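This report goes through one protein model, from confidence to sheets, cavity and backbone details.

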Amino acid sequence: MSFVRAIADADRIEAQLHRLAARVRGARLARLVQDGVRLRRLIEESRRTSRLLAGALADGSFAPSAVALRAARIGGKQRLLAALAPLDLVAHAVIADELARRLEPRLSPQLYSYRRGRSSLTALRAVARGVSRHRRAHADPRARGLFVLRADVQDYTDSWPIHDGAPLWSDLRAVTGLDDGGAHWRMLRRLLVPEIVGAPPLVAVAPAPPPAGVERRGLLFGAPTTNVLANLYLAPLDAQMDAVPGLLYARFGDDVFCAHEELAVLRAVQASLEALLSARGLRLNQRKVRVLFWNGAGRRSPSAPQIEGAREVAFVGGAVSFDGGVALSPRKWSALVGDLRTRVRRTAAVMRASSPPPGDSELAQVLVDVVNQSLSIDAPMATDYAPLLAGLVSDRRQLAELDRLMALWIAEAVSQRAGARAFRGLPWRRVRALGLKSLVKERNG
């Protein structure tokens, strides 16, 4: 089926329209407007809306609206998020879905971002399996060790060249089969690089409209097509890395992990990476480039003592130890610990302020229940990190530390003593007897 026929399918468009409606229920549904028509009305007449959009995509006449940018803090970073009109968002979603379908057979098995059945969790597990294979292949611990390159691309999707001769367009033509002189190609270009209106709220964040005479770069952050194209744009890098014998490689969007037994091979890989990025108008974020010697003792390599040794390596929100265990990254660990400790303290404060105040045994049981519910992925009050703890973290040291901290916080809240002295008022074994979960025991089981 041709690309145009695939994206001009009214049933497919209607399904995306209903998915959009499911995501924006409530007040936001009433605020979304396209050319004076509210999204609620478009959904009420979803079949007619879908047929009209299908016709416009079929003949290449669809004209996306100008896009406003709004400030958003995502993943600890200030970004400019594209505020797309409802039908533009549906068109992006339909096109992204078809691009992903066509791209899937061409993508590297070592690419884990924005693909069905893959995530940052599967990327971390793949790295853990890779280092475990290395350990099994070297019976002598002194012969073990991998040189690691950890890097990410500076302002990845925000900095792509989008001029007429940019690599993105030739890559996209190869996937879509569209004629670059045709109406459908021009429509696709307009959708991916629309007019941007209004003064951006954050001056220093791309892709703000550039000053006169300065080349505009980057695609829309927040558009469904951008995630799919993030896989496409560095597919040549993935193919290049897959061809290096013995290289442990993984990519998630702009986040790159490479490991090899030989430093010379890793240096060559780094040079190839930088050369390919340069050819595509990109560069590494030099503040985040790390070269490490990964081994069980965290020692430096005798052959390269200038390189820092490490027992574990951070990657896409996790940390993989040399023994193959996976832990939360320091940032996520800190967030999880802070969340759980705050829940225990606030619950204890509310309970003590009630009339009559609970006894120590009653308070301890309530706090145990709160912590257990916070760590249960099926519970309404579960912490955001509960799925990671249940499905990803296998590092027994980190799990044991969290077991200890949970018991300590409950003992502190009940005994009103700080530190290990709290266990004098409420011993650890008593906290466990009240039913407090042990993450180590659950993982071992």
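pLDDT is the predictor's confidence in each residue, on a scale from 0 to 100. The model is predicted: local features need pLDDT of at least 70 and side-chain atom pairs count only at pLDDT 80 or more, while totals for chains, interfaces and linings use all residues. Residues are numbered from 1 along each chain as its sequence is written, and side-chain values use heavy atoms, with hydrogens and water left out.

**Confidence**

The protein chain has a mean pLDDT of 88, and 91% of its residues reach 70 or more. Over residues 26-30 the pLDDT is below 50, and this stretch has seven contacts (heavy atoms within 4.5 Å) beyond near neighbours in sequence. Residues 202-208 also stay under 50 in pLDDT; for them the model has 17 contacts beyond four places in sequence.

Helices (H or I, at least four residues) and strands (E, at least two) are DSSP runs, numbered from the N terminus. Two strands pair if DSSP finds at least two bridges between them. Strands of a sheet pair through backbone hydrogen bonds, either parallel or antiparallel.

Strand β5 (residues 146-152) and strand β9 (residues 290-294) run antiparallel and are joined by five bridges; Leu 149 has Val 291 in β9 as its bridge partner.

**The three-stranded sheet**

Another open sheet has the order β11-β12-β13, with antiparallel pairing. Why is one side of β11 and of β13 left without a neighbour in the sheet? β11 (312-315) and β13 (326-328) stand at the edges and each has a single partner strand, so one side of each has no neighbour there. Neighbouring strands are turned by 30 degrees against each other on average, direction ignored. Four bridges pair β11 with strand β12 (residues 318-321) in the antiparallel sense, and Ala 314 stands opposite Ala 319 in β12. Helix α7 (residues 120-137) packs on the sheet and touches β11, β12 and β13.

**The cavity**

Rolling a probe the size of a water molecule over the atoms shows where empty space is left. On a 1 Å grid over the protein atoms alone, a cavity is a set of points where a 1.4 Å probe fits but cannot get out, and lining residues have an atom within 4 Å of a point. Grid points are joined across faces, edges and corners, and a volume is the space filled by probe spheres set on the points.

The whole structure has one cavity of 30 Å³ or more. The largest cavity has a volume of about 40 Å³. Phe 3, Val 4, Ile 7, Ile 95, Leu 178, His 184, Met 187 and Leu 188 line the largest cavity. The elements that give two or more residues to this lining are α1 (3-7) and α9 (183-192).

**Backbone details**

Ser 355 and Pro 356 are joined by a cis peptide bond with omega of about -5 degrees. Pro 356 lies in the loop between α13 (330-353) and α14 (360-374). Tyr 114 is not a glycine, yet has a positive phi of about 55 degrees; Tyr 114 lies in the loop between α6 (86-103) and α7.

Technical notes:
Axes are lines fitted to C-alpha atoms, for helices over the stretch in contact, and angles run from 0 to 180 degrees between N-to-C directions. On a 1 Å grid over the protein atoms alone, a cavity is a set of points where a 1.4 Å probe fits but cannot get out, and a pocket is an open set with protein on both sides within 12 Å along at least five of seven lines; lining residues have an atom within 4 Å of a point.
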